[in-house]
Amino acid sequence: MIIETAHLVLRPITRDDAAALVELDSDPVVMRYVSGGRPTPRSMIEDWVIPRAITEMSMRRGVGMFAAMDRHRGGFLGWFSLRAPRHSNRAELELTYRLRRDAWGYGIATEGSRALVQVAFDRLATDRLFAGTMAVNAPSRRVMEKSGMRLAALHQADDAAVDGYERGEVEYEILRSQWETAHFPWARSARAAAHLIA
């Protein structure tokens with residue numbers, strides 16, 4: 001599945017994306033709220049992240065990790081994913097994303113997130129979509145809110161190396177009933193702008 005929006009092409013991650021993923025996860029500012037700034041080892045990306053993404057996408061169309069490519073210039077901007085939580089037997093998906101620092105502040109995270117919210121509810125049998133971040137990560141929280149999600153829970157953080165650990169983690173969600181009945185001003189334009197290929 002390939003998803004196109006006004007500024008993005010979201011396509012499944014492949015083994016050819018390893019170098020771009022390693023570079024992304026080597027930026028301590030990008031990783032500040034993920035690992036406390038520590039880079040993800042190349043071996044983990046090559047031996048676990050990419051194989052998991054490929055397996056997820058092959059098992060359930062639309063679920064997995066998408067490389068976010070600049071639609072007009074073609075460069076790698078980061079990634080978005082829809083993941084089925086392993087600990088749950090509910091029809092729910094987790095939305096995650098990570099972008100290069102030079103892609104921040106242009107609405108890219110919101111645009112990609114909205115496209116996957118649409119896919120989750122219009123194309124997949126999803127009853128609940130959720131996303132999480134550190135409570136102090138205000139920009140990421142705004143992306144979740146602009147994508148139709150609302151604060152659902154506050155959790156204790158378990159990695160003291162991560163910035164804001166003492167304030168905990170937040171979880172945002174949107175339910176199918178909310179998607180079907182609430183008015184999202186962006187949803188109509190997002191449906192018109194985002195389209196699926198294959």
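Buried, in this talk, means under 20% relative accessible area, with exposed over 50% and partly exposed in between, using a 1.4 Å probe and protein chains only. Helices are DSSP runs of H or I, at least four residues; strands are runs of E, at least two; both are numbered from the N terminus.

Ground rules next. This is a predicted model: local features need pLDDT of at least 70, side-chain atom pairs count only at pLDDT 80 or more, and totals for chains, interfaces and linings use all residues. Residues are numbered from 1 along each chain as its sequence is written, and side-chain values use heavy atoms, with hydrogens and water left out.

The overall picture. The protein has seven helices and nine strands. Its radius of gyration, over C-alpha atoms, is 16 Å; the globule rule (2.2 Å times the number of residues to the power 0.38) also gives 16 Å for 198 residues, so the protein is as compact as a globular protein of that length. The C-alpha trace spans about 40 × 35 × 35 Å along its principal axes. Of the 198 residues, 49% are buried.

Now contacts, meaning heavy atoms within 4.5 Å. Take those between residues at least 6 apart in sequence: 63% join residues at least 24 apart.

Let's zoom in on helix α1. It covers residues 18-25, and its buried residues are A18, L21, V22, L24 and D25. Down the axis of α1, they fall within an arc of 160 degrees (directions from the helix axis to the C-beta atoms), so they line one face. What do they pack against? The partners are α3 (42-59), β3 (64-70), β4 (76-83) and β5 (92-99).
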